[in-house]
Each structure stands twice: as structure tokens, then as C-alpha cells.
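Please take a moment with the sequence and the structure shown here before reading on. The paragraphs that follow go through a few places one at a time.

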Amino acid sequence: MHSLEQSLKHYFGHDQFRAGQKEVIQRVLENRDSLVIMPTGGGKSLCYQLPALLKSGVTLVVSPLIALMQDQVESLQDNGIPATYINSTLSGDDVRSRTTSILEGEIKLLYVAPERLLSEQFSPFLDEVAATIGFATFVVDEAHCVSAWGHDFRPEYRQIRRLRQRFPRVSTMGLTATATRRVQQDIIEQLALQQPAIHLASFNRTNLYYEILPKDRRSYPQLLHHLKRQQGSGIVYCLSRKTVNEVSDCLQVDGINALPYHAGLSDVERAENQRRFIRDDVDVIVATIAFGMGINKPDVRYVVHYDLPRNLEGYYQESGRAGRDGEPATCTLFYAAKDIPRLEYFIEQKPDPNEQRIARQQLSQVVDFAESTICRRQILLGYFGESFSNSCADCDNCRHPKPKSDWTVEAQKFLSCIARTNQRYGANYIIDILRGSRKQKIKERRHEDLPTFGIGRDRTQDEWRTLVRSLLHQDLLRETTDGYRVLKFTTESLLVLKGNHQVMVAMPQQPRREQTEKSVLDAASEELFEILRQLRKQLADDQNVPPYVVFANNSLREMATRKPQNLGEFSRIPGVGAHKLRQYGERFLAEIQTHVNASTPQRQRQAPTFWQLYRQGLDLSAIAEVQKRPVQEVADEVGNLIAAKGNINLRQFVLPAKQDLILQAVRQKRITNLEKLKSQLGTGFNEWEIKLVLVWWQQKNQSSTAQRI
Ligand code: ADP
Ligand code: ZN
């Protein structure tokens, strides 16, 4: 009898279950209904995939997005697990051959879209499966789609319960990453789950580092500087399509491999840009929030919000697309108070005043989050009703706590002003009174006559706002949640007024910039890691799958540090299951062996490779000199790499300013002939500089013409 852990290693290569997985799996094996609520990256899929392999019959998975379905099936097949999908992209022949292999018992997991599931044609097939090999479990992925309260309601999901009525003995499992109670209750009702085992995981994503950077007036150089220090894949979210286009154009010119994504692009272009991101052909996607739904890329290392998000739920979901693989990842929000009016403008366009009010409150929650001096996690998790103790050590505020000072007197001034206006106003109005504002409303209400009028001129508006936020977080004050945000006393407020409670507040200074954590590999392992990454990319491209399907980053990292010498050692690398061992073991071992041999002392005196020198940051003539080759020859090699979409940073070889001038000549004057360009540009340019930029431009243009076809 195998333990669940052994099966986990055998099929998926993982050594341990993540929190909650094992319990859920046991319930499924007992044929109980269940509801699994885990944040993105929590490892939901395994909760039904492993039982599917251990139970007899077919596990039927309902999934809303075709792209997601294909992705899941590819990953499973790469682990040697018999899975398939049936959806509208398949030809009739394909569908027939797939249904045949299902009925022959060759398939353990079948993915379908909800509309197909309940169609007339599909019905006899379901009966046939039930009568022959049987169903193991019904799985409803993204189960919040059944709920009109969720953010992604799909009416066809409501029909799924009919399955339940037709096959009452098959247990059903719902999975979602949506945190609100209302949606959870709705899922249970809509799917008719019977006494379900509910697993509600914490929404704390412990591997994510949260930071807010004050956005400079010239924000683009700041973004560029930030991105240059990041490694791996990343997403930059912007508010508008226009910003997306501008930022991604600029990044390309500045040598960062970036592509845009927004609803204004054609379907083909969007799909292609997304594909190139998933396949690691580009490092950065610059996108509106349209990007991300249904993207399963587990190794996104950083998410940047270049503009202010509209609400905290959105921010949590978008930033949560980083680090699904559980490896450290960074979430950075660029914050400037001057972005607020733009969002307010959007809100004013909403026709319904009630909606406007709610949107305003949501926006101010985001502002509070950005301006706060307390733990970012505490605020985010608090938003989902989860309490979180004082600090996390993994956000900017916890790593660099701001010193606190005594603000008791100011707090008393503030509270007494609230008392004198009968707890009927919001923070901004109270601050206006304290600062002696001449606004019309204050005059009309005769609040100029209050003894508190103007007694707070010695503090800035920002300081007062920080004080209010702090009072709210410390429960020394509360505000109504109806969208009006009226400030009200708590029992504690009176203690402050009476002088029985000292108020300590951390006033923000300029937050320090974070140094992102570099990976912990030594130089030699770093190099091997890079080599293995290239092998992974090649194997992935050969099979037409994304690289992470072959191996996750942490598997490569372990290979690079442990340097396994034989299949036995290789099998102990996390992420290496039985199937991957057979499929890839030899190839990776050979590469590791070559590398180990090459770095033994006697061989080390050999000339370093191009890649080694490139990674050391050498420019073209330096590389040529070290390798004792003609510059022209090295330039040709680089040109070929660029043409083959290799991961080359052009900046290292051609100064950005020069790139700009060359591109200008190419784009505006439409010169693509090398000789003509040379004479146009004059003596300041090497021939190979022009050539490299030209190749880069052609490569880029080719792929975008290819997209348009
Ligand atoms: P979710 O659907 O909850 O967002 P996934 O099921 O896609 O999450 O899993 C996220 C990542 O975590 C995947 O890369 C998966 O391989 C990995 N993973 C899941 N369970 C484990 C585990 N027990 N050990 C290591 N990695 C795991
Ligand atoms: Zn924290």
C-alpha cells in the first residue's frame, strides 16, 4: 500500500503536500462533497488531480476557459498522466477519437467547458461513461462562476447542478480563489453540495514581498530602473491602453524585452503576445487589467502596478499573479497622490450614485493601503476579514519600520473637532476645519466659529491624514462603511480625549528603495542554471509547450546546486516524478556532466564561451578581445542570436542613444539598406552597430507581421 506522499512524488515529483492538500484529497477519496477555497498559487489543481489517479473511473473537470484547459492538460500529459479535453476547438474526428479512448478506459481526467457538458450531443456520451467505466468525481474549477455575487458570473455554470441530479452518487468538488463569504455560500447552494467538507485556506501569500514606491514626477525612468534590477518574468499593470503602448515601446527601446497586452489589440496579437510571455520569449508584459484572467504561468517573479489600482480585491488578485510556484516574488505599487483624480474621474462617469459611492470608498481603501505605515499584509488580509498579527517581516513597512512619535495632542485636537461637529463628517472636512480652510461649506455651517477652527495649521494635510489612518487602525476611531465614511467614536476615543491614552504614530519619511533579493546561487551554479534554462527552453519549444511545463525554476535551481551525477540522484530533485525522470533525465544529466567537466581546473584555462562573457556584462569589443576573435565575427554571432529571438540585451552592445538614432533613420526615413543607413548616419557609428539594430528591428517586425496574418 502506497502512502499519499509516495503517490505525490511518483506522479508529480513533489516531496510534500502544501497546507490543506492532503486533508482535501482524503475527503475526495472518501467520496465526500467538498469546497476548496485557496488563494491563487495555493495548489488547488493537485487536490483533484491526485485523487483522479487513485480512484477508478474518469474525473470530469468543468473549466471555464479554453486556454486554461489546454494548459492544464499539457502539464498533466508532461507528467505522463492520461488527461484530455473536449471543447469547441476540436474537429469532429478529434472529438470522436478522444471519446473512444475515454470509453476504453485510457483517460483519467477529462476537461470540458460547461456549455458542452449539457449539450444534447454530449448527453448520451455521459450516460455511456457512467454505465461503463464510471465517473470518479465531478470537479468544478473556478466555481465562483456560478455566483452572481462573484466577479465572473457565467450563467451556463448554473446548469452544472443538473449533472448532480443525473448522477447523484458521484461526489462533487468545487474550487475557487474568491475570498468572500457570500460567494462561498452561493457555490454550496448552486452546486447543491451535500454537507461539503470545506477547506478555507489563509489568503496570506507568504512568498510575496509587498512594497510601495513613491512615484516620481518622471516616473518612466524610475520604472526602468526598477525593472532592470528584476530577474525572470514580470507583469507591469497600467491603467490605460495608451500608457500600456507607450511604456512597452519605451521599454523595448531601452533594451527590455517587453510586449503590450490590452483589449485594443486584435485577438491574434493578444494571443501571440501572451504566448510569447508564457514561453519565456519575452520577459515583461505591459498590460491593462484585461491581462491575467486564465494565465497560468507559475513563475512570474514580479508584478508592478505602475498606476493606482481601483480596489484592494483587484490589487490582491493582480499582484497575486506573481509567485504561484511558491518561490519568492515581488509586488510593487508605484504610488502618487496625483493619480487619484484620474480614478475619481472614472468614478464620476458611473451613472448610478450608489455605485459611485462604493467605488469611492474602495478607492480610498487603496489610498490608505498605499499611504499606510503599518504592515501591508495586515491591511490586505484585513480586507478579506482575516486577522493577521502585527507584522510579517516581508513588506516594506515591516522591514523598515518608521519610527513612531507622540501625537497625543494632535489626536485630542482631532477628536474634539469631531465631537464639536457631532460625529457627522468625514476626515477631509474635519481636517479643513482644523487647518482653518476658507471653504464655502465651512462658512455656511458656521464652523469658523468653532474653538477648534484653525488650531491645526501647524501640521500639513498629509500629516493629519496619516494621523486619521493610524487612529482607525488602532481602533481609536471608526468610520461608517456606507460609502460616506463618517467618522465615529469608539469607546477608546474618549480615553484619548481624557488624556488617559497615549497616541503613537509613525509618520512616513521617504520610503527607502528595496534591493530585490538576488538568487542565492554561487557563480558556477548560476551559470549552470542558465545553461539548464536554455536546455529547458529548447525541449519546451520542440514539444510546443511552455518551459515551466518541462520543469519549474526551483527544480532547475536544485539541479544547478546539487549537480546530480546519475538517474538515482536526479530522481530526488523536487519536481522530478517517474515520468519526467524517463523523459528528461538523460538529457539534463548529460548537460550537467558537461558543465562539471568543463569547470574542473585543468579545463578551466580554455577560452571562456560567449555566454560566459556576455553574462559578465562585457561589450562586443571586450568579448572579441578576450576570445581573440575579430569583432566582426562576434557581431555576426550576436546578430544570429537576435534573429533567432535569443535572449540578448541589445543595450549591452549598442548604446540606447545610438539605438534611438538608428531606429529613427529606419522608421522615419524607411531606410533598411545597410549601405544607405551608413551614409545617412555618418561616421559616429560602427557598421556592426547599425547591423545589430537593424536585425533587432527586422526580427521584431517580422513577428508582428506574422501576427497580423
Ligand atoms: P492554483 O490553481 O491554486 O492557483 P496550482 O494548482 O496551479 O495553483 O499550483 C500552483 C503551483 O504550485 C504549480 O506550479 C504546482 O506545480 C505547484 N504545487 C502544487 N502543489 C505542490 C506541492 N505539494 N509541492 C510543490 N509544488 C506544488
Ligand atoms: Zn508586513
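This is a predicted model: local features need pLDDT of at least 70, side-chain atom pairs count only at pLDDT 80 or more; totals for chains, interfaces and linings use all residues.

Most residues other than glycine have a negative phi. A second residue of this kind is Asp-475, which is likewise not a glycine and whose phi is positive at about 65°. Asp-475 belongs to the loop between helix H21, residues 461–473, and strand S15, residues 478–479.

From these loops the reader may turn to a pair of helices. Helix H23 covers residues 523–543 and helix H27 covers residues 578–598, and their axes come within 10 Å and cross at roughly 145°. The crossing in which H23 passes H27 is right-handed. On the side of H23, the contact is made by Ala-524, Glu-527, Leu-528, Ile-531, Leu-532, Leu-535, Arg-536, Gln-538, Leu-539 and Gln-543, while H27 contributes Gln-583, Tyr-584, Arg-587, Phe-588, Glu-591, Ile-592 and His-595. Sorted by class, the residues in this contact of H23 with H27 are 9 nonpolar, 4 polar and 4 charged.

The last stop is ligand 1. Which residues come nearest to ligand 1? Of the 14 residues around it, these are Gln-16, Gly-41, Lys-44, Ser-45 and Arg-324. By class, the shell around ligand 1 is made up of 8 polar, 3 nonpolar and 3 charged residues.

Some individual atom pairs can also be followed here. An oxygen atom of ligand 1 is 2.8 Å from an N or O atom in the side chain of Lys-44, and a nitrogen atom of ligand 1 is 3.0 Å from an N or O atom in the side chain of Gln-21.

Note on methods. Residues are numbered from 1 along each chain as its sequence is written. Chains are lettered from A and ligands numbered from 1 in the order in which they are written. Side-chain values use heavy atoms; hydrogens and water are left out. Axes are lines fitted to C-alpha atoms, for helices over the stretch in contact, and angles run from 0 to 180 degrees between N-to-C directions. Helices (H or I, at least four residues) and strands (E, at least two) are DSSP runs, numbered from the N terminus. A crossing is left-handed if the near helix is turned anticlockwise from the far one by less than a right angle, and right-handed if clockwise. Contact means heavy atoms within 4.5 Å. Ala, Val, Leu, Ile, Met, Phe, Trp, Tyr, Cys and Pro count as nonpolar, Asp, Glu, Lys and Arg as charged, and the others, Gly among them, as polar. A residue is near a molecule or strand if one of its heavy atoms lies within 4 Å of it. A polar contact is a pair of N or O atoms within 3.5 Å; within protein, one must be able to donate a hydrogen and the other to accept it, and residues adjacent in sequence count only if both atoms are side-chain atoms.
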